[in-house]
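Visitor: Please show me the structure, and let us then discuss it residue by residue.

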Amino acid sequence: GLSLAIFNSYPKFYLCPFTDCLIVSLLVPESQPNTTSMENQSRPVTGYPATGYPQAQSNTNPNGYPSAHPSYCATAGTAYPYAAPPPPHATYYNPNPYYGQAYPNPRATFLRRLFVILITAFIITGTIGFIIWLVLRPRIPEVRVDSVAVSNFNLSSSSLISGNWDVRFTVRNPNHKITLYYDRIEASVYYKSELLSETAVPPFVQGTKNETAVRATFAASSAYVEGSVANGMNQDRARGSVGFSVGMSTSVRFKAGGWWARRRFLRVYCRDLTVGITSNNSGGTLVGGPKQCKVGL
């Protein structure tokens, strides 16, 4: 753009490109003054703005570095013919808002929602279970062997064993608010890891803070055992006692009022039940008093 004004009889041309302003002064000899301007200096020159010219604006920041968006010499309302540049972060109107939008993947959305549902269900279930545990404080039962009696015990030279075992237990329910239901009980008698006989115990119901006496009877008639097992029994009888073990497995249900817990599998193992049996007799009883059994779910 080009602007011309007359100040003090010196015509000056303002050349304002997009970056900087350049002022060009032309010196006119005093012998040839501009008669037009000398006639009436108070009247503005035709074609030029009546107000003063805008000051040239610097495109340099206070820190000395050039600005990324230099300002223009002319502002709105002046004779500068170019429009002002758009702001740095201008928002333009989109006549079609649906064009160019990315749609979410349906499969990813489904998996994300499924994951959130599973996590929420897990947290809710865990919270409910924790509250029930705090209220009821369920505990597993306690089992103790009170007595063991062996009769008609015989071990032949061909590793055939016969005998009867009568075992008495005491089962205790330590819970204050939970009733135990024993649906099916299976019991076994062992010598070390060798199974000698099996039996079934009738089911029963046990109330809160209750102790129930349970009896299990076993019988073996000419049952074959390994030669190493027969030799171990004979050596124990020569020392005056034989050690047996009794195991029980049962399914138990926990009930508190109208609330039923799911069925649990309970294991009981009573080891080192020493019975006084010598080589000269065929029977004996438990040595050392009652024995506490290990109980686990």
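**Helix, strands and surface**

Guide: Ile 123 lies in helix 2, residues 106–136; helices (H or I, at least four residues) and strands (E, at least two) are DSSP runs, numbered from the N terminus. The model is predicted, so local features need pLDDT of at least 70 and side-chain atom pairs pLDDT 80 or more, while totals for chains, interfaces and linings use all residues. Residues are numbered from 1 along each chain as its sequence is written, and side-chain values use heavy atoms, without hydrogens and water.

Visitor: Is Ser 251 buried or exposed?

Guide: Ser 251 belongs to strand 10, residues 242–256. Leaving out residues up to four places away in sequence, it touches Tyr 181, Tyr 182, Asp 183, Arg 184, Arg 263 and Arg 264; contact means heavy atoms within 4.5 Å. Buried means under 20% relative accessible area, exposed over 50% and partly exposed in between (1.4 Å probe, protein chains only). The relative accessible area of Ser 251 is 14%, so Ser 251 is buried.

Visitor: What is the phi of Lys 209?

Guide: Lys 209 is located in the loop between strand 8 (204–206) and strand 9 (211–224). With a relative accessible area of 43%, Lys 209 is partly exposed. Most residues other than glycine have a negative phi. Although not a glycine, Lys 209 has a positive phi of about 50°.

Visitor: And what is the phi of Ser 222?

Guide: Ser 222 lies in strand 9. Its relative accessibility is 46%, so Ser 222 counts as partly exposed. Ser 222 is not a glycine, yet its phi is positive, at about 55°.
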